[in-house]
Amino acid sequence: MTDEIFHDVAYKAKDRNDLLSGIDEFLDQVTVLPPGEWDPSIRIEPPKNVPSQEKRKMPVLLNGSAHCSEAAKEMEHHTGPELQRTGRIFGGLVKDVRRKAPFYWSDIKDALSLQCLASILFLYCACMSPVITFGGLLGEATKGNISAIESLFGASMTGVAFSLFSGQPLTILGSTGPVLVFEKILFKFCCDYQLSYLSLRTSIGLWTAFLCILLVATDASSLVCYITRFTEEAFASLICIIFIYEALAKLVHLGELYPINMHDELENLTFYTCRCSPPANTSAEVEQIWSSRNLTSANIEWEQLSVKVRHTETFNYFLYFI
């Protein structure tokens with residue numbers, strides 16, 4: 001295992017033959033002295049030049065399946081039993097269920113073990129967190145038409161169905177960023193054209209379910225082998241851009257709703273006293289209060305009002321409006 005080449009071969013070996021091939025290649029590169037042919041009193045001199053290991057690193061000289069080229073790996077990935085077309089209606093689904101059928105009972109039995117408790121709690125929190133988070137955002141975006149309760153119910157139903165009939169039961173299901181943006185756009189569209197949001201959303205869900213069933217029936221999942229990492233990164237970039245745009249848009253909206261007063265007199269910030277001044281626009285209620293006390297804005301000495309008087313007058317106005 002101290003040999004770099006054999007160390008790499010041993011860790012990448014897929015079966016017994018790969019490991020044996022790596023051992024054979026290693027033995028071809030070493031000199032072995034049988035115990036009967038070696039004299040302990042004689043010192044064996046090391047070689048003057050260490051032989052190059054580049055030839056051993058060439059793919060043609062290494063073990064086949066453990067060190068195959070990228071093209072061979074892609075070909076093996078394409079020809080996997082999960083990604084092969086069956087040519088029958090729902091053939092891929094039937095094969096998935098048959099492959100998973102022997103493990104149904106063990107999945108349920110193993111889940112009852114205390115060793116699985118940590119994984120169950122982790123998956124529960126991992127599934128619940130995005131559902132509740134995006135459910136709250138959906139409730140705000142759709143004005144309560146779809147909120148956390150509906151998102152939780154939908155994720156529970158789809159999660160159970162997906163775990164029973166799919167080959168990847170550990171996939172975390174729930175709302176995502178693009179779904180949130182789609183719901184906001186759809187709700188705004190319904191408000192602009194006076195349409196029923198829930199009715200249109202139900203129609204979209206039924207059409208989506210129909211298209212998914214059609215894809216499953218035609219074994220369209222075999223096309224997944226052509227999806228590269230570029231596709232995943234493109235969707236991740238789209239989600240990032242969407243959330244950055246939403247954050248900046250909300251910041252701009254807050255700036256328009258609560259504008260910053262850019263014309264303040266900074267010298268007034270150093271005053272330690274509170275000075276009263278007559279109001280620019282007096283409402284009818286205030287004029288009525290002044291007339292009941294034989295007061296006007298002109299004969300009130302605003303500069304001479306004390307803190308106690310100001311608080312008393314404010315409290316009286318508050319009681320009056322109540």
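Is Phe 90 buried, partly exposed or exposed? Select Phe 90 to start: with a relative accessible area of 31%, this residue is partly exposed (buried means under 20% relative accessible area, exposed over 50%, partly exposed in between, with a 1.4 Å probe and protein chains only). You'll find Phe 90 in the loop between α4 (70-78) and α5 (91-100). Check its backbone while you're there: phi of Phe 90 is near 55°, a positive value in a residue other than glycine.

Before moving on, some ground rules. This is a predicted model, where local features need pLDDT of at least 70 and side-chain atom pairs count only at pLDDT 80 or more, while totals for chains, interfaces and linings use all residues. Residues are numbered from 1 along each chain as its sequence is written, and side-chain values use heavy atoms, with hydrogens and water left out.

**Zoom out**

Show the whole protein chain as a cartoon. The secondary structure comes to 13 helices and 0 strands (DSSP runs numbered from the N terminus: H or I of at least four residues for helices, E of at least two for strands). Switch to a surface and the chain exposes about 25600 Å², with carbon and sulfur atoms supplying 66% of that area (Shrake-Rupley method, 1.4 Å probe; for residues, only the protein chains shown count as cover). Of the 322 residues, 16% count as buried. As for contacts (heavy atoms within 4.5 Å), take those between residues at least 6 apart in sequence: 60% of them join residues at least 24 apart.

**Select α7 and α9**

Next, pick helix α7 (residues 117-141) along with α9. Their axes are 10 Å apart and the packing angle is about 15° (axes are lines fitted to C-alpha atoms, for helices over the stretch in contact, and angles run from 0 to 180 degrees between N-to-C directions). α7 and α9 are therefore roughly parallel to each other (angles under 35 degrees count as roughly parallel, over 145 as roughly antiparallel, 65 to 115 as roughly perpendicular and the rest as oblique).

Keep α9 (residues 177-192) and bring in α10 (residues 197-217), which packs against α9 at about 130°, with the axes 10 Å apart. That angle makes α9 oblique to α10. From α9, Phe 182, Glu 183, Leu 186, Phe 187, Phe 189 and Cys 190 meet Tyr 197, Leu 200, Arg 201 and Ile 204 in α10. The contact of α9 with α10 counts 8 nonpolar, no polar and 2 charged residues.

Now click on Gln 194, in the loop between α9 and α10. What is its phi? Gln 194 has a positive phi of about 55° although it is not a glycine. At 70% relative accessibility, Gln 194 counts as exposed.

**Last stop: Ser 151**

Finish in helix α8 (residues 148-165), where Ser 151 lies. Ser 151 is buried, with a relative accessible area of 9%. Which residues touch Ser 151, leaving aside neighbours within four places in sequence? Select Val 131, Gly 135, Leu 138, Ile 146 and Ser 175 to see these contacts of Ser 151.

Note on methods:
Nonpolar A, V, L, I, M, F, W, Y, C, P; charged D, E, K, R; others polar.
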